[in-house]
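I opened this entry to keep track of what I looked up.

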Amino acid sequence: MPASSSTLAVASAPPPGAERASAGGRPEPSGSEFAPLLRQVRDAGLLRRRTGWYAAMIAVNALATGAVWTAVVLLGGTGTWWVLALALPAAVLSARTGFIGHDAGHQQIAAGRRANRVLALLHGNLLLGMGASWWTDKHNRHHANPNHVGKDPDVEVGALVWSRAQAVEREGFARWLTKHQARLFFPMLLLEGLALKVASFQDLRRLSGRDRAVEGGLLVAHLAGYTALLLCALPPAQAVVFALLHHALIGLHLGCAFAPNHKGMAMPEEGARWGHLRRQVLTSRNVRGNPVTDFMLGGLNYQVEHHLMPSLPRPHLRLAQPLVRAHCARLGVPYTETGLLDSYRQALGHMHDVGAPLR
């Protein structure tokens with residue numbers, strides 16, 4: 001664990017069997033390290049839904065998004081290239097839309113799964129062009145086994161790799177990419193906005209029947225509406241440049257929100273039997289919160305709390321933090337929290353270290 005992070009207590013490797021798992025894959029709280037913490041959070045009323053808060057946030061985000069795109073239409077009619085400056089607020093609001101879809105996928109917003117599913121489809125497929133089912137399947141597997149190679153899709157071999165064992169197997173251009181992946185990380189995020197849409201369309205093959213029709217139809221509706229809006233508002237050349245810039249900034253924004261969370265944290269070895277609390281806390285890193293950080297990172301800077309209780313409403317994450325931190329201190333489990341810039345330094349340092357055998 002990086003020395004610059006704020007860590008409460010020092011613990012040895014987690015003992016095996018610290019917590020049992022239920023048949024559904026969820027942690028079994030009886031007799032576990034997690035159970036007392038869960039009771040504290042429940043008794044504090046932090047598990048209750050915040051539908052009013054979310055309704056207000058969704059409404060503000062929709063109005064702001066509408067205002068930005070109205071400005072694109074009005075300014076586009078003048079022929080000025082300054083319209084491209086609106087790609088920045090459009091990207092920020094698109095990321096906010098993605099955060100809403102994220103929360104709906106975790107059942108944070110509404111009491112019923114059906115309502116959360118509708119919200120995820122609207123904010124993911126229709127408004128952002130990112131498949132809700134694709135994201136939910138991938139993200140749930142990540143939450144179940146964070147940073148576990150072979151189980152967590154976020155540390156699978158792709159454009160980037162996350163362990164030296166993965167790095168030494170790279171060949172050709174992929175080997176060069178891994179060798180320099182730390183310095184290439186942020187530039188590569190500029191492609192992530194488009195990559196999310198491509199992956200969502202590819203995932204339709206996994207779906208069947210009504211789900212494929214609904215998700216595919218909404219993705220096509222997003223693509224058609226987005227294209228039509230830009231071509232009606234802007235000359236073709238400006239429309240293409242605006243779309244590329246918009247998606248590059250979306251990818252950079254979302255990547256910057258997710259990068260600090262787990263990169264450089266503990267990576268469980270095969271056969272490790274960590275309980276729910278240790279599995280989530282030891283693999284997650286918090287970024288110190290303030291109004292700007294909370295807004296830009298969509299509450300994901302409280303990553304430890306989010307991973308321990310994924311359905312905890314976003315506005316309650318910071319309220320649960322003192323309870324989680326104190327509970328970890330009592331158990332002697334390291335709780336990692338650092339500043340935003342230092343979180344990037346740690347993540348990039350890990351990526352640089354992974355590529356060391358190739359240099």
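I took axes as lines fitted to C-alpha atoms, for helices over the stretch in contact, with angles running from 0 to 180 degrees between N-to-C directions. Helices are DSSP runs of H or I with at least four residues, numbered from the N terminus. The model is predicted, with local features needing pLDDT of at least 70 and side-chain atom pairs pLDDT 80 or more, while totals for chains, interfaces and linings use all residues. Residues are numbered from 1 along each chain as its sequence is written, and side-chain values use heavy atoms, without hydrogens and water.

I looked up helix H9 (residues 192-202) against helix H11 (residues 236-258): their axes come within 6 Å and cross at roughly 90°. H9 and H11 are therefore roughly perpendicular (65 to 115 degrees). On the H9 side, the contact (heavy atoms within 4.5 Å) is made by Glu192, Gly193, Leu194, Leu196 and Lys197; H11 brings His247, Gly251 and Leu254.

Next I checked Leu184, which sits in helix H8 (residues 181-189). Leaving out residues up to four places away in sequence, Leu184 touches Trp176 and Leu177.

Then I turned to the largest nonpolar core, which has 20 residues. Such a core is a set of buried (under 20% relative accessible area, 1.4 Å probe, protein chains only) Ala, Val, Leu, Ile, Met, Phe, Trp, Tyr and Cys residues joined through side-chain atoms within 4.5 Å. Leu308, Met309 and Val324 have the most contacts inside this core. Beyond four places in sequence, Val324 is in contact with residues including Leu37, Val304 and Tyr335. I also noted a second, separate core of 16 residues, with Ala90 and Tyr226 among them.

Definitions and conventions:
Helices (H or I, at least four residues) and strands (E, at least two) are DSSP runs, numbered from the N terminus. Angles under 35 degrees count as roughly parallel, over 145 as roughly antiparallel, 65 to 115 as roughly perpendicular and the rest as oblique. Buried means under 20% relative accessible area, exposed over 50%, partly exposed in between (1.4 Å probe, protein chains only).
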